[in-house]
Amino acid sequence: MPVHLRQWYPARSPNEAKDAGIAPPGDCVTGDFVTGDIVTDDFVPEISAMPAIMGYPNSLSPSRTNDFLTCPMLYRLRTIDRLPEEPSLAAIRGTLVHRALEWLFDLPAPERTIEATGALLDKAWQELQETSPAEAEALCVQLAGSVDEAQADARTITTQILAPAEPLLRTYFAMEDPTRLDPAARELAVRAQLDAGLVLRGFVDRLDRNSNGDVRIVDYKTGRSPGSGFETKAMFQMRFYALTWWRMTGEIPRLLQLLYLGNSEVLRYQPDVDDLRATERKILAIRAAIAASADSGTFAPNPGRHCDWCSFRSVCPAWGALPIPLPDRSTWPATRDLETTPAVAPQLIERVRSIRDGIEE
Ligand code: SF4
């Protein structure tokens, strides 16, 4: 299967990058990032040890930031009201693929085969049923039409969920050779506090370090790559992670890489100091806009094409619903608490949400 690579220079051409002294992108091919094992979860500073920014919100992840940019009402209903959402088949399938690819690197290199990954996919589905039974059951009922049918035909439903994930895994093996990789970290929780006090948080799918010590941040997408001209939006999440990593460690990642398993395309970007400073300014501006909405109690709907996959149309004023009163501010969940919840299920749900956002945006 052919792999399409798009090197992406938002502010300069490859020649300009070369003139500016930035290493040519050809230096960062996949095979360069084969050694690692440097980063562990112990490395992540505790949020509880950080002074919180005064006011709301005191922390942001790429998903929640994107929610607000897409539609302030969506942000409010998901983050403040915390209304339940129906699990999306594509998002749950994406979660399972991510889990299988995470576990793949627990195996000795010669055992990292496509067959082994298929078995890990089954294991991921079992894990999801055990750790998030309500979400797994809701999905099965959604597919089968009723609880009884879901129970009676569990095997068919499982096939319906897992079978479309297999081509995505085959595409992954066409894009990378996992036997040549030794990731420094997988599913790494990253957290850092900006000087302004805001905590940035998120999960990095994979972090590689090459023999020169250069860091590459990799994210898997189970959907298709964005069309030409939409790379900036797609890469925002990666620049967010790069900024967080820079603030955590003082290192600027050499390469940010999105692997689109839906159409076998790679999107790559080399960040620099100016990019990351601009990203920080953008995040702080969005944080200020969220704070202004919170202070005025106004989270305006922003209807558009994205409403087609929004879970909240039935309660959205833009779609004819009566406005729901904003919950009393004293009851709003503190955003930093979302990260410190010990239960597995909320983390999985957060992961499903961020993967869904990646697919649908
Ligand atoms: S339906 Fe559309 S306008 Fe309403 S909350 Fe969802 S995305 Fe926003």
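**Helix packing, ligand shell and loops in a predicted model**

In helix 9 (residues 165-175), the buried residues are Ala165, Leu168, Leu169, Thr171, Tyr172 and Met175. Here a residue is buried if 20 or more other C-beta atoms lie within 10 Å of its own, exposed if 12 or fewer, and partly exposed in between, with C-beta atoms placed from the backbone. Helices (H or I, at least four residues) and strands (E, at least two) are DSSP runs numbered from the N terminus. Viewed down the axis of helix 9, its buried residues fall within an arc of 155 degrees, so they line one face of the helix; the arc is that of the directions from the helix axis to the C-beta atoms. The partners of these buried residues are helix 4 (89-104), helix 5, helix 8, strand 6 (255-260) and strand 7 (265-269). Contact between two residues is taken to mean that their C-beta atoms, placed from the backbone, lie within 7 Å.

This is a predicted model, in which local features need pLDDT of at least 70 and side-chain atom pairs count only at pLDDT 80 or more, while totals for chains, interfaces and linings use all residues. Residues are numbered from 1 along each chain as its sequence is written.

The chain has 13 helices and 7 strands, and 37% of its 361 residues count as buried. Among contacts in the chain with a separation of 6 or more, 76% join residues 24 or more positions apart.

Helix 5 (residues 114-131) meets helix 8 (residues 154-162) at an angle of about 115 degrees, with the axes 11 Å apart. Axes are lines fitted to C-alpha atoms, for helices over the stretch in contact, and angles run from 0 to 180 degrees between N-to-C directions. The crossing of these two helices is right-handed; a crossing is left-handed if the near helix is turned anticlockwise from the far one by less than a right angle, and right-handed if clockwise. Helix 5 contributes Leu121, Asp122 and Trp125 to the contact, and helix 8 contributes Thr158, Ile161 and Leu162. These residues divide into 4 nonpolar, 1 polar and 1 charged, where Ala, Val, Leu, Ile, Met, Phe, Trp, Tyr, Cys and Pro count as nonpolar, Asp, Glu, Lys and Arg as charged, and the others, Gly among them, as polar.

Another helix pair is formed by helix 2 (residues 62-70) and helix 11 (residues 273-296), whose axes come within 11 Å and cross at roughly 65 degrees. This crossing of helix 2 and helix 11 is left-handed. Thr65, Phe68 and Leu69 of helix 2 make the contact with Ile283, Ile286, Ala289 and Ile290 of helix 11. By class, the contact comprises 6 nonpolar residues, 1 polar and no charged.

Turning to the ligand, 15 residues surround it, and the closest are Cys71, Pro301, Cys307, Cys310 and Cys316. A residue is near a molecule or strand if its C-beta atom, placed from the backbone, lies within 6 Å of it. The shell around the ligand holds 12 nonpolar residues, 2 polar and 1 charged. Leucine 74 sits in helix 3 (residues 72-80) and counts as buried, with 22 C-beta neighbours inside 10 Å. Although leucine 74 and phenylalanine 312 are 238 residues apart along the chain, their C-alpha atoms are separated by 7.5 Å.

Proline 303, in the loop between helix 11 and helix 12 (337-340), is partly exposed, with 14 other C-beta atoms within 10 Å. Its C-alpha atom is 9.8 Å from that of proline 317, 14 residues away along the chain.

Most residues other than glycine have a negative phi. Arginine 82, however, has a positive phi of about 50 degrees, and serine 264 has one of about 60 degrees. Arginine 82 belongs to the loop between helix 3 and helix 4 and is partly exposed, with 13 other C-beta atoms within 10 Å. Serine 264, by contrast, is buried, with 20 other C-beta atoms within 10 Å, and is found in the loop between strand 6 and strand 7.
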